[in-house]
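Have a look at it alongside me.

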Amino acid sequence: MQTCLKIVLFLFLVFSINENTYAQSKKLSADDQLLQDSLYNGNKKKVMNFSMKDFDKLFFEFFDKKNNPDVVLTKTEFYTYTVQIAAFSDRLVKLYPEQKEVAEKNKENWLSENYEDYLEYKASQKK
């Protein structure tokens, strides 16, 4: 029961951060959308088998790299992280069907992440 509570609290934290940070979503370019779709199809099965520990590792690894001014992810690396985080929402829907709406919104927000915005953020870190 305590583990379930920790998972729910962690998910609440992730969803609330995500909701506030990514409220202004932009459409992806056609090339980015194709790359993202390809990565999603290639990673969905893998991510569906992630444990919370695997997801935590992925999630914090992405934010560590994103916030490290000395690291600039390639477009493929960036979308691989965001797609895997988004795909984990599918797993959460299976585990917690009552959270379907929240998980789908979270997935949509992660899939709307834009590499160009990321590059702008990285440029602002250098200033």
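Before starting, I noted the cut-off I needed: a residue is buried under 20% relative accessible area, exposed over 50%, and partly exposed in between. I also reminded myself that this is a predicted model.

**Entry 1: Asn 114**

I looked up where Asn 114 sits and found it in the loop between helix H5 (100–111) and helix H6 (115–126). Is Asn 114 buried or exposed? Its relative accessibility is 9%, so I put Asn 114 down as buried. I then checked what its side chain reaches: a polar atom there is 2.7 Å from the backbone nitrogen of Glu 116.

**Entry 2: Ser 124**

Next I moved to Ser 124, which belongs to helix H6. With 41% relative accessibility, I wrote Ser 124 down as partly exposed. Its side chain has a polar atom 2.7 Å from the backbone oxygen of Tyr 121. I also looked up Pro 69: its C-alpha is 9.3 Å from that of Ser 124, although 55 residues separate the two in sequence.

**Entry 3: H3 against H4**

I turned to the helix pair. Two packed helices are described by the angle between their axes and the distance between the axes. For helix H3 (residues 52–67) and helix H4 (residues 75–95), I read axes that come within 10 Å and cross at roughly 145°. The crossing of H3 past H4 is left-handed. Which residues make the contact? From H3 I listed Met 52, Phe 55, Leu 58, Phe 59, Glu 61, Phe 62 and Lys 65, and from H4 Phe 78, Tyr 81, Thr 82, Gln 84, Ile 85 and Phe 88. Sorted by class, that contact has 9 nonpolar, 2 polar and 2 charged residues.

**Entry 4: aromatic rings**

How many aromatic pairs are there in the whole structure? My search gave 15. I picked out Phe 62 and Phe 78, whose ring centres are 6.0 Å apart; their planes are at 55°, so I noted the pair as tilted. Phe 62 is in helix H3 and Phe 78 in helix H4, so this pair ties together parts 16 residues apart in sequence. Phe 62 has 0% relative accessibility and therefore counts as buried. Phe 78 is buried too, with a relative accessible area of 0%.

Conventions
Residues are numbered from 1 along each chain as its sequence is written. This is a predicted model: local features need pLDDT of at least 70, side-chain atom pairs count only at pLDDT 80 or more; totals for chains, interfaces and linings use all residues. Side-chain values use heavy atoms; hydrogens and water are left out. Helices (H or I, at least four residues) and strands (E, at least two) are DSSP runs, numbered from the N terminus. Buried means under 20% relative accessible area, exposed over 50%, partly exposed in between (1.4 Å probe, protein chains only). A polar contact is a pair of N or O atoms within 3.5 Å; within protein, one must be able to donate a hydrogen and the other to accept it, and residues adjacent in sequence count only if both atoms are side-chain atoms. Axes are lines fitted to C-alpha atoms, for helices over the stretch in contact, and angles run from 0 to 180 degrees between N-to-C directions. A crossing is left-handed if the near helix is turned anticlockwise from the far one by less than a right angle, and right-handed if clockwise. Contact means heavy atoms within 4.5 Å. Ala, Val, Leu, Ile, Met, Phe, Trp, Tyr, Cys and Pro count as nonpolar, Asp, Glu, Lys and Arg as charged, and the others, Gly among them, as polar. Rings of Phe, Tyr and Trp (its six-membered ring) pair if their centres lie within 6.5 Å; planes under 30 degrees apart count as stacked, over 60 as edge-to-face and the rest as tilted.
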